[in-house]
Amino acid sequence: MPALNVEFSDRELEDLRQIAKERGTSMKALVREAAAADIARHRALKEGAEAFRRFFATHADEFAAAFPDDEPAGHGERRAG
């Protein structure tokens, strides 16, 4: 499995040691779990943004009608064409 060397300040390293000790896990596992959680969060945000874009595109006319003051200038003219 590929590995990654990560540098921490003395303070960060001590904090990681303390947290790992409190959780009864290794520092390696603690850092890996944190990275995996951030990766999962990033993927979920990307998927959510894409779902929103699809929803908005599907309902663009409804949004334009409901919020005409928020439409860019000339937007309605393009729609009518």
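The count of salt bridges comes to five, a salt bridge being a side-chain nitrogen of Lys or Arg within 4 Å of a carboxyl oxygen of Asp or Glu. The model is predicted, so local features need pLDDT of at least 70 and side-chain atom pairs count only at pLDDT 80 or more, while totals for chains, interfaces and linings use all residues. Residues are numbered from 1 along each chain as its sequence is written, and side-chain values use heavy atoms, with hydrogens and water left out.

**Helix 1**

- Arginine 17 and glutamate 14 form a salt bridge with an N to O distance of 3.9 Å.
- These two residues are three apart in helix 1 (residues 10–23), or about one helical turn; helices are DSSP runs of H or I with at least four residues, numbered from the N terminus.
- Arginine 17 is partly exposed at 43% relative accessible area, and glutamate 14 is partly exposed at 41%; buried means under 20%, exposed over 50% and partly exposed in between, using a 1.4 Å probe and protein chains only.

**Helix 2**

- Arginine 41 pairs with aspartate 38 in a salt bridge, the closest N and O atoms lying 3.8 Å apart.
- Both residues belong to helix 2 (residues 27–58) and are three residues apart, about one turn.
- Arginine 41 is exposed at 52%, whereas aspartate 38 is partly exposed at 47%.
- Arginine 54 and glutamate 50 also form a salt bridge, with closest N and O atoms 3.8 Å apart.
- Arginine 54 and glutamate 50 are four residues apart in helix 2, about one helical turn.
- Salt bridges with shared partners join Glu50, Arg53 and Arg54 into one network.
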